[in-house]
Amino acid sequence: RDFDSLCTTHPTASACSVRRRCTSGGVSGAYCNPWSLLHSACSAAWGETLSDSPECASFKALCGSEQTAVTQCFDAQHAGVPRLVPTDKAEEGVKQLCAAMPDMPQCPKGDDAD
């Protein structure tokens, strides 16, 4: 439920993009596992900047200590997506690309540009 809320609040989050591809059947495998997606979104160890969002509080409470009994917190099988571009870097890259190539149809125009 926290991940649903996170993706509602931050729909452009990298982990939420992966989740959409997983649920649509575009990709499959270990990184579609809910714990892997949580690690990708809520663990600063994976480079994401959403770890301080309220939606990640439960994850941090469960996995914030090495003393946890929750095996998914440290099991490599549930690790985050390797080399997943963090949301803030992806958004900045798109802004830079659109600044350099503003006529691309995917780039926002006018008031939508910010």
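Reader: Where is the place of Glu-66?

Author: Start with the elements. Helices are DSSP runs of H or I with at least four residues, strands are runs of E with at least two, and both are numbered from the N terminus. Glu-66 sits in the loop between α4 (57-63) and α5 (87-100). This is a predicted model: local features need pLDDT of at least 70, side-chain atom pairs count only at pLDDT 80 or more, and totals for chains, interfaces and linings use all residues. Residues are numbered from 1 along each chain as its sequence is written, and side-chain values use heavy atoms, with hydrogens and water left out.

Reader: Is Glu-66 buried or exposed?

Author: Read the relative accessible area: buried means under 20%, exposed over 50%, partly exposed in between (1.4 Å probe, protein chains only). Glu-66 counts as exposed because its relative accessibility is 70%. Now look along the chain. Pro-108 is 42 residues from Glu-66, and their C-alpha atoms are separated by 44 Å.

Reader: How many helices and strands does the chain have?

Author: The chain has 5 helices and 0 strands. Read from the N terminus, the order is α-α-α-α-α. The C-alpha trace spans about 50 × 30 × 25 Å along its principal axes.

Reader: What share of the residues counts as buried?

Author: The chain has 114 residues, and 32% of them count as buried. Accessible areas come from the Shrake-Rupley method with a 1.4 Å probe; for residues, only the protein chains shown count as cover. The chain exposes about 7,400 Å², and carbon and sulfur atoms supply 54% of that area.

Reader: Which residues of α3 are buried?

Author: Here is the general idea of a helix. An α-helix has 3.6 residues a turn, so residues three or four places apart point the same way. Now the case here. In α3, 8 of the 9 residues are buried, and the helix is mostly covered. The buried ones are Trp-35, Ser-36, Leu-37, Leu-38, His-39, Ser-40, Ala-41 and Cys-42. They pack against α1, α2 and α4.

Reader: What does Ser-43 touch?

Author: Contact means heavy atoms within 4.5 Å. Ser-43 lies in the loop between α3 (34-42) and α4. Leave out residues up to four places away in sequence, and Ser-43 touches Leu-38, Glu-48, Ser-51 and Phe-59. Ser-43 has a relative accessible area of 13%, so it is buried.

Reader: And where does Ser-51 lie?

Author: Ser-51 is in the loop between α3 and α4. Ser-51 is buried because its relative accessible area is 11%. Its contacts, neighbours within four places aside, are Ala-41, Cys-42, Ser-43, Ala-44, Cys-56 and Lys-60. Over the whole chain, take contacts with a separation of 6 or more: 55% of them join residues 24 or more positions apart.

Reader: How many salt bridges does the structure hold?

Author: A salt bridge is a side-chain nitrogen of Lys or Arg within 4 Å of a carboxyl oxygen of Asp or Glu. The structure holds 2. One joins the side chains of Asp-4 and Arg-19, at 2.4 Å from N to O. This pair links distant parts of the chain: Asp-4 is in helix α1 (residues 2-9) and Arg-19 is in helix α2 (residues 14-24), 15 residues apart. Asp-4 has a relative accessible area of 39%, so it is partly exposed. Arg-19 is also partly exposed, at 26%.

Reader: Which residue does Asp-52 meet in a salt bridge?

Author: Asp-52 meets Lys-60, side chain to side chain, at 3.1 Å from N to O. Asp-52 is exposed, with a relative accessible area of 66%. Lys-60 is partly exposed, at 39%.

Reader: Which residues line the largest cavity?

Author: Rolling a probe the size of a water molecule over the atoms shows where empty space is left. On a 1 Å grid over the protein atoms alone, a cavity is a set of points where a 1.4 Å probe fits but cannot get out; lining residues have an atom within 4 Å of a point. Grid points are joined across faces, edges and corners, and the volume is the space filled by probe spheres set on the points. The count is 1 cavity of 30 Å³ or more. The largest cavity has a volume of about 30 Å³. Its lining is Ser-40, Trp-46, Glu-48, Val-81, Leu-84, Val-85 and Pro-86. By type, the lining has 5 nonpolar, 1 polar and 1 charged residue. Ala, Val, Leu, Ile, Met, Phe, Trp, Tyr, Cys and Pro count as nonpolar, Asp, Glu, Lys and Arg as charged, and the others, Gly among them, as polar.

Reader: What is phi of Arg-83?

Author: Phi of Arg-83 is near 60 degrees, a positive value in a residue other than glycine. Arg-83 is in the loop between α4 and α5. Arg-83 is exposed, with a relative accessible area of 80%.

How values were computed
1 Å grid on protein atoms, 1.4 Å probe; cavity = no way out; pocket = protein on both sides within 12 Å on 5 of 7 lines; lining within 4 Å.
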